[in-house]
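Student: I have a structure open and would like to learn how to read its features one by one. Could you take me through it?

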Amino acid sequence: NKELVTFEVFPNPTTGHLTVRLVSGEAERVKLTLIDLQGRVQVLTESGVFNAGELELDLSEWAQGLTS
């Protein structure tokens, strides 16, 4: 029986760093994909097992307005 994994992404929109917070009681296998407003994959993480916590992403080099 699979449980849903809860996550939060903030701030949105961002002009620099983005935080992804995984809220889970145990380690979970996740794959993170960020897609810009034109539908292009900009960030793709390897599938892996992550503990509950935060992942910081630096998006400061993205053109403004692509991550709204």
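Student: Which element gives the most to the lining of the largest pocket?

Tutor: On a 1 Å grid over the protein atoms alone, a cavity is a set of points where a 1.4 Å probe fits but cannot get out, while a pocket is an open set with protein on both sides within 12 Å along at least five of seven lines; lining residues have an atom within 4 Å of a point. Here β7 gives the most, with three residues. Strands (E, at least two residues) and helices (H or I, at least four) are DSSP runs, numbered from the N terminus.

Student: Before we go on, what kind of model is this?

Tutor: This is a predicted model, in which local features need pLDDT of at least 70, side-chain atom pairs count only at pLDDT 80 or more, and totals for chains, interfaces and linings use all residues. Residues are numbered from 1 along each chain as its sequence is written, and side-chain values use heavy atoms, with hydrogens and water left out.

Student: What is the volume of the largest pocket, and which residues are closest to its centre?

Tutor: A volume is the space filled by probe spheres set on the grid points, which are joined across faces, edges and corners. For the largest pocket that comes to about 330 Å³. Its lining has 15 residues, and F7, V20, L22, V30 and L32 are the closest to the centre. The elements that give two or more residues to this lining are β1, β2 and β7.

Student: How are β1, β2 and β7 arranged in their sheet?

Tutor: Strands of a sheet pair through backbone hydrogen bonds, either parallel or antiparallel. Two strands count as paired if DSSP finds at least two bridges between them. In this model an open sheet of three strands has the order β1-β2-β7, with antiparallel pairing. Its edge strands are β1 and β7 (53-58), each pairing on one side only. From one strand to the next the twist averages 20°, taken between axes that are lines fitted to C-alpha atoms (for helices over the stretch in contact), with angles from 0 to 180 degrees between N-to-C directions.

Student: How many bridges join β2 to β7, and how many pair β1 with β2?

Tutor: Six bridges join β2 to β7, and L22 has G53 as its bridge partner in β7. Between β1 and β2 there are five bridges. There, F10 is partnered by T19 and E8 by R21. A hairpin of six linking residues joins β1 to β2.

Student: What is the form of the peptide bond from F10 to P11, cis or trans?

Tutor: Most residues other than glycine have a negative phi, and most peptide bonds are trans. The bond from F10 to P11 is cis, with omega near -15°. P11 is found in the loop between β1 (6-10) and β2 (17-23).

Student: Which residues are linked in a network of salt bridges?

Tutor: Side chains of opposite charge can pair when their charged atoms come close. A salt bridge is a side-chain nitrogen of Lys or Arg within 4 Å of a carboxyl oxygen of Asp or Glu, and the count here is two. The network links E8, R21 and E54. E8 and R21 meet at 2.8 Å, N to O, and R21 and E54 at 2.6 Å, N to O. R21 lies in strand β2 and E54 in strand β7, so this pair ties together parts that are 33 residues apart in sequence.

Student: How accessible are E8, R21 and E54?

Tutor: Buried means under 20% relative accessible area, exposed over 50%, and partly exposed in between (1.4 Å probe, protein chains only). E8 is partly exposed at 34%, R21 is partly exposed at 29%, and E54 is partly exposed at 45%.
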